[in-house]
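Dear colleague,

Please find below the structure that I am handing over to you.

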Amino acid sequence: MRKAIVYATRYGFTAEVAAALRDRLGRDTELFDLAVAGDVDPEPYDVVVLGSSVYMGRVQRAMRNYVERYRTRLAAKRYGLYICAANPDPLVREQELRAAYFPLSCEGAAATAVLGHAVRFERLGLVDRFVARAVLPEGSVREPSEEELDRFAERLLSGTPS
Ligand SMILES: Cc1cc2nc3c(=O)[nH]c(=O)nc-3n(C[C@H](O)[C@H](O)[C@H](O)COP(=O)(O)O)c2cc1C
């Protein structure tokens with residue numbers, strides 16, 4: 001069974017989460033940073049995970065373009081969706097997740113989750129730092145728990161042949 005995690009990150013946190021998920025999905029799982037890979041045809045994969053951080057309420061443009069391009073192929077796969085998002089309101093984070101990968105639906109996904117966030121001011125560009133200070137003046141990091149990562153991987157793999 002071929003598995004891929006395709007992600008979009010600005011400062012690296014979503015990539016860290018992708019690596020933690022790969023540890024659970026199997027070391028043969030292929031990891032793709034959209035900014036590096038440019039394009040990843042989902043066709044050869046049986047299981048595809050999409051991950052992106054959220055800025056100003058939306059997943060990153062590279063991920064939006066990716067979903068738009070491969071919407072039909074992705075919808076035919078077993079897929080999982082996660083975001084990394086720092087909004088302090090869990091209902092808002094849930095809304096961000098639901099809207100993130102449209103037209104792929106959370107209902108159609110084998111697993112969905114908001115898997116933590118990291119706002120590390122020392123890493124941010126000037127504009128992002130300015131915006132982030134207005135919302136999270138202290139900065140903020142929440143690693144996803146082992147349970148959250150395990151549950152996501154279990155849901156994704158349950159019922160699939162090994
Ligand atoms: C300028 C800026 C804007 C952000 N906007 C949002 C937002 O609208 N909603 C949200 O939930 N998180 C927001 N975040 C938090 C990021 O999604 C979070 O820091 C994420 O972990 C970043 O991951 P990355 O390093 O993979 O890009 C924002 C962070 C920054 C720095």
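This is a predicted model: local features need pLDDT of at least 70, side-chain atom pairs count only at pLDDT 80 or more; totals for chains, interfaces and linings use all residues.

Two packed helices are described by the angle between their axes and the distance between the axes. Here, helix α1, residues 13–25, packs with helix α6, residues 146–157, at an angle of about 55°, and their axes are 9 Å apart. Since angles of 65 to 115 degrees would count as roughly perpendicular and those under 35 degrees as roughly parallel, α1 is therefore oblique to α6. The handedness of the crossing of α1 and α6 is right-handed.

As to the residues involved, α1 contributes Ala20, Leu21, Arg24 and Leu25. They meet Leu149, Asp150, Phe152, Ala153, Leu156 and Leu157 of α6. By class, the contact of α1 with α6 consists of 8 nonpolar and 2 charged residues, with no polar ones.

Helix α1 also belongs to a right-handed β-α-β unit, together with β1 and β2. Strands β1 (residues 3–8) and β2 (residues 30–33) run parallel and are joined by 4 bridges. Within this pairing, Val6 stands opposite Phe32 of β2.

Two loop residues deserve a separate entry. The peptide bond from Phe102 to Pro103 is cis, its omega being near 10°; Pro103 lies in the loop between α4 (90–100) and β6 (111–114). Met56, although not a glycine, has a positive phi of about 50°, and its place is the loop between β3 (47–55) and β4 (58–59).

With kind regards

Note on methods:
Residues are numbered from 1 along each chain as its sequence is written. Axes are lines fitted to C-alpha atoms, for helices over the stretch in contact, and angles run from 0 to 180 degrees between N-to-C directions. Angles under 35 degrees count as roughly parallel, over 145 as roughly antiparallel, 65 to 115 as roughly perpendicular and the rest as oblique. A crossing is left-handed if the near helix is turned anticlockwise from the far one by less than a right angle, and right-handed if clockwise. Two residues are in contact if their C-beta atoms, placed from the backbone, lie within 7 Å. Ala, Val, Leu, Ile, Met, Phe, Trp, Tyr, Cys and Pro count as nonpolar, Asp, Glu, Lys and Arg as charged, and the others, Gly among them, as polar. Two strands pair if DSSP finds at least two bridges between them. A crossover is right-handed if, with the strands pointing away from the viewer, the path from the first strand over the helix to the second runs clockwise.
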